[in-house]
Amino acid sequence: MTTITPKPSYPSWVRELHSPPNPKSKSASSIRDPPGFSATSTGKRAQLSKSQPHKPPTPEETDILKVKKSWEVALAPAKQLPMNAIMMYMSGNSLQIFSIMMVFMLFKNPLQALMQTNAVFTKYETPRTRSKMWVVKAVYVLMNLVALGLGIWKVNGMGLLPTTRSDWLAWETQREPIERAVFTF
């Protein structure tokens, strides 16, 4: 006696996985390309890229790219200044853990950046770009000093800088009066 076993029913995604994709239908070709795109231009680009090998950049082009990238790195602290200023304004002038941590980070990051200035720019420095790099480094240092100035402004606003005469009373000498007035009955 022969028993017929039914074929297992596979999910549709398994069947689609093992079958080749359908050729492009006529309805898909009736859809217009978006503005600025044409199938012929991409074919030309592909043919050009296959026919012409990519030539390596010249040392002058590499140096120009390195100088551009070093300017991006040098101006990065300036891009953080508005965000830091808003955060300092929003944290308030009271002594709370949040505002103290914000001020600590405002001092720590520029100080670390100033200490690592040469290390940051070593990968962009070549004998040909060395003359341009000192200006980039100077801008980098200046931007970090501006960030430190923002931190000093915040500490002064919190009242932690000794800028008034009353902050230095321990070092003031007591005045000797010229004459004394004594009350009598």
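**View 1. Contacts of phenylalanine 121 in a predicted model.** Phenylalanine 121 touches Ser70, Val73, Ala74, Met133, Val136, Lys137 and Tyr140, leaving aside residues up to four places away in sequence; contact means heavy atoms within 4.5 Å. Residues are numbered from 1 along each chain as its sequence is written, and side-chain values use heavy atoms, without hydrogens or water. The model is predicted: local features need pLDDT of at least 70 and side-chain atom pairs count only at pLDDT 80 or more, while totals for chains, interfaces and linings use all residues.

**View 2. The largest nonpolar core.** Its ten residues are Val73, Ala74, Ala113, Phe121, Tyr124, Met133, Val136, Val139, Tyr140 and Met143. Such a core is a set of buried (under 20% relative accessible area, 1.4 Å probe, protein chains only) Ala, Val, Leu, Ile, Met, Phe, Trp, Tyr and Cys residues joined through side-chain atoms within 4.5 Å. H4 and H7 are the elements that give two or more residues to this core, and H7 gives the most, with five. Helices are DSSP runs (H or I, at least four residues) numbered from the N terminus. Apart from this core lies another, of nine residues, including Leu81, Ala147, Val155 and Met158.

View 3. Confidence is lowest in helix H3 (residues 39–51), at a mean of 57, and highest in H7, at 94.

Terms used: pLDDT = per-residue confidence, 0-100. Buried < 20%, exposed > 50% of the residue type's maximum accessible area, 1.4 Å probe, protein only.
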